[in-house]
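Take a moment with the sequence and the model below. Then follow the charged side chains and the helices step by step.

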Amino acid sequence: YDAVTRAHPELFDLPRAQASVREAAERKVKAEPRSLSQRLGVLRVLLRFGQARQAADEATRLIDSLTVPDAPEVTLRDATPALPFDDAKEQLRWVFDMRSRALVLLGRFEEALQDNRRAMQAARYSPDPVSQRLNAA
């Protein structure tokens, strides 16, 4: 093991590897700027590398850009001419799910549970509401 790490130290540089994975996810966002799914990929990377606060903040920005503030239920904005993401209706619930996961890691359990409920509400825009019910259970 020592011989391998000395011969190829770049392979064991965790911060460098993490930066590379994040850069790859961000390149996908730039290549598909109207894909909310690609932005979810960045959130997954942030969570995987222990950057829960950053993931929660980014998820909040996405949610704020897509939903009506202070609505009693999750409601997509009436965007004219279109929502900023082509897959917003299908992916909105997953943004709430990602924020919920980040909030759990931050110890904000009640808020995380609220986001699980919001994900279930957002699932009405999507053909598969079952996943959010399972996640909340």
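Which residues are linked with Asp-115 in a network of salt bridges? The network holds Arg-99, Asp-115 and Arg-118. Keep in mind that this is a predicted model.

The side chains of Asp-115 and Arg-118 form a salt bridge, with N and O 2.7 Å apart. Both residues sit in helix α6. They are three residues apart, which is about one turn of the helix. Their surroundings differ in accessibility. Asp-115 has a relative accessible area of 0%, so it is buried. Arg-118 has 29%, so it counts as partly exposed.

Now move to helix α5. Here Arg-101 and Asp-97 meet in a salt bridge, again given as N to O, at 2.7 Å. The two residues are four apart in α5, about one turn of the helix. Asp-97 is buried, because its relative accessible area is 3% and the limit for buried is under 20%. Arg-101 is partly exposed, with a relative accessible area of 42%.

Where do the partners of a salt bridge lie when they link distant parts of the chain? Look at Arg-124 and Glu-73. Their closest N and O atoms are 3.4 Å apart, and the pair forms a salt bridge. Arg-124 lies in the loop between α6 (109–122) and α7 (130–136). Glu-73 lies in the loop between α4 (52–66) and α5. The two are 51 residues apart. Arg-124 has 43% relative accessibility and counts as partly exposed. Glu-73, at 44%, is also partly exposed. A search of the whole structure finds eight salt bridges, and the pairs described here are among them.

Next, see how two helices pack. Helix α3 covers residues 36–48, and helix α5 covers residues 88–105. Their axes come within 10 Å and cross at roughly 10 degrees. Angles under 35 degrees count as roughly parallel. Therefore α3 and α5 are roughly parallel to each other.

Which residues of α3 and α5 meet? From α3 come Leu-36, Ser-37, Leu-40, Leu-43, Arg-44 and Leu-47. From α5 come Ala-88, Gln-91, Leu-92, Trp-94, Val-95, Met-98, Arg-101, Ala-102 and Leu-105. By class, this contact has 11 nonpolar, two polar and two charged residues. One name returns here. Arg-101 is in contact with α3, and Arg-101 also forms the salt bridge with Asp-97.

Terms used:
Residues are numbered from 1 along each chain as its sequence is written. This is a predicted model: local features need pLDDT of at least 70, side-chain atom pairs count only at pLDDT 80 or more; totals for chains, interfaces and linings use all residues. Side-chain values use heavy atoms; hydrogens and water are left out. Axes are lines fitted to C-alpha atoms, for helices over the stretch in contact, and angles run from 0 to 180 degrees between N-to-C directions. Angles under 35 degrees count as roughly parallel, over 145 as roughly antiparallel, 65 to 115 as roughly perpendicular and the rest as oblique. Contact means heavy atoms within 4.5 Å. Ala, Val, Leu, Ile, Met, Phe, Trp, Tyr, Cys and Pro count as nonpolar, Asp, Glu, Lys and Arg as charged, and the others, Gly among them, as polar. A salt bridge is a side-chain nitrogen of Lys or Arg within 4 Å of a carboxyl oxygen of Asp or Glu. Buried means under 20% relative accessible area, exposed over 50%, partly exposed in between (1.4 Å probe, protein chains only).
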